[in-house]
Each structure stands twice: as structure tokens, then as C-alpha cells.
Amino acid sequence: MQKLTAVVVALAAAQAVAFSRVPMKMSVEMSKSVPFLKKQPKLDGSMAGDEGFDPLGLSNTFDINFLRQAEIKHGRVAMIACAGVFAQMLFHLPG
């Protein structure tokens with residue numbers, strides 16, 4: 001009878017341990033901006049506004065400074081395009 005009691009107690013303890021929450025350590029650091037993607041190694045927060053947003057992984061393929069300059073250039077072109085749209089709405093040539 002004691003042997004059966006010991007087996008029942010051991011099984012109950014094993015079930016309790018099986019469903020307890022054990023914190024699992026993640027081996028891969030996740031991005032702050034997109035939590036379900038891995039953090040890119042070159043995006044370490046050293047640049048202003050760097051929150052690790054690179055879902056396509058372009059920072060691994062291209063130079064990060066080139067990508068930054070291209071982003072600034074495209075932003076400036078977009079601002080000039082918006083100014084052109086508003087200028088066409090306000091000013092008309094005769095004829």
C-alpha cells in the first residue's frame with residue numbers, strides 16, 4: 001500500500017511540474033519595432049531614430065550609410081513633389 005501511495009504522489013508531482021510555467025530564455029534577440037522579427041545586427045541603435053525597423057533585411061546587404069542617404073534623398077524628392085502638386089492647384093497659366 002505504501003508503494004502505491006508513493007507512485008501516486010510521484011505521478012501527481014510529475015503532472016504539477018509538467019504544467020508549471022518555466023521561463024524560457026530566447027536565444028535570438030527580437031526587434032523593438034517589429035517584435036515578431038529578429039533584430040538585425042547592424043541596427044544597434046547608434047544612429048538617431050534607429051529602432052531596428054528593417055523587415056526586408058536590407059541592412060545586411062547594403063551599406064547602412066548608403067541606405068540612410070537614399071532615405072533622406074527620397075524624402076526630399078517627395079517634399080518637392082508635394083509642393084509641385086499644391087503649386088499646380090493654386091497657380092494656372094493663361095490660355
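This is a predicted model: local features need pLDDT of at least 70, side-chain atom pairs count only at pLDDT 80 or more; totals for chains, interfaces and linings use all residues.
Gln 40 sits in the loop between α1 and α2. Is Gln 40 buried or exposed? With a relative accessible area of 13%, Gln 40 is buried, because the limit for that class is under 20%. If we set aside its neighbours within four places in sequence, Gln 40 is in contact with Asp 54, Gly 57, Ser 59 and Asn 60.

One of those partners, Ser 59, deserves a visit of its own. Ser 59 belongs to helix α2, which covers residues 58–61. Its relative accessibility is 1%, so Ser 59 counts as buried. The side chain of Ser 59 also makes a polar contact of 2.7 Å with the side chain of Asp 54. Which residues does Ser 59 touch beyond its neighbours within four places in sequence? They are Gln 40, Lys 42, Leu 43, Asp 54, Ile 64 and Leu 67.

## The chain as a whole

Now let us step back. The chain has three helices and zero strands, and reading along the sequence gives the pattern α-α-α. Of the 95 residues in the chain, 11% are buried; Ser 59 and Gln 40 are both in that class. The accessible surface comes to about 8800 Å², and carbon and sulfur atoms account for 67% of that area.

## Two salt bridges

Side chains of opposite charge can pair when their charged atoms come close. How many salt bridges does the structure hold? There are two, and the table sets them side by side.

| Lysine | Glutamate | Closest N and O atoms |
|---|---|---|
| Lys 39 | Glu 29 | 3.7 Å |
| Lys 32 | Glu 51 | 3.3 Å |

In the pair formed by Lys 39 and Glu 29, both residues lie in the loop between α1 (2–18) and α2, ten residues apart, and the pair links distant parts of the chain. Lys 39 is partly exposed, at 33% relative accessible area, whereas Glu 29 is exposed, at 54%.

The other pair is made of Lys 32 and Glu 51. Lys 32 and Glu 51 are both found in the loop between α1 and α2, so their bridge ties together parts that are 19 residues apart in sequence. Lys 32 counts as exposed, with 64% relative accessibility, while Glu 51 is partly exposed, with a relative accessible area of 43%.

## Rings and a nonpolar patch

A search of the whole structure for aromatic pairs finds one. Its members are Phe 62 and Phe 66, with ring centres 6.4 Å apart. Why is this pair called tilted? The ring planes stand at 40 degrees to each other, which falls between the limits of 30 degrees for stacked and 60 for edge-to-face, so the pair is tilted. Phe 62 itself counts as partly exposed, at 40% relative accessibility.

Our last stop is on the surface. Val 85, Phe 86, Met 89, Leu 90 and Phe 91 form a nonpolar patch there, and together they have about 600 Å² of accessible area. Among them, Val 85 is placed in helix α3, which covers residues 64–90. Val 85 is partly exposed, with a relative accessible area of 47%.

How values were computed: Residues are numbered from 1 along each chain as its sequence is written. Side-chain values use heavy atoms; hydrogens and water are left out. Rings of Phe, Tyr and Trp (its six-membered ring) pair if their centres lie within 6.5 Å; planes under 30 degrees apart count as stacked, over 60 as edge-to-face and the rest as tilted. Buried means under 20% relative accessible area, exposed over 50%, partly exposed in between (1.4 Å probe, protein chains only). Patches are made of residues with over 30% relative accessible area and no salt bridge: like charges are joined within 9 Å, nonpolar side chains (Val, Leu, Ile, Met, Phe, Trp, Tyr) within 5 Å. Accessible areas come from the Shrake-Rupley method with a 1.4 Å probe; for residues, only the protein chains shown count as cover. A salt bridge is a side-chain nitrogen of Lys or Arg within 4 Å of a carboxyl oxygen of Asp or Glu. Helices (H or I, at least four residues) and strands (E, at least two) are DSSP runs, numbered from the N terminus. Contact means heavy atoms within 4.5 Å. A polar contact is a pair of N or O atoms within 3.5 Å; within protein, one must be able to donate a hydrogen and the other to accept it, and residues adjacent in sequence count only if both atoms are side-chain atoms.
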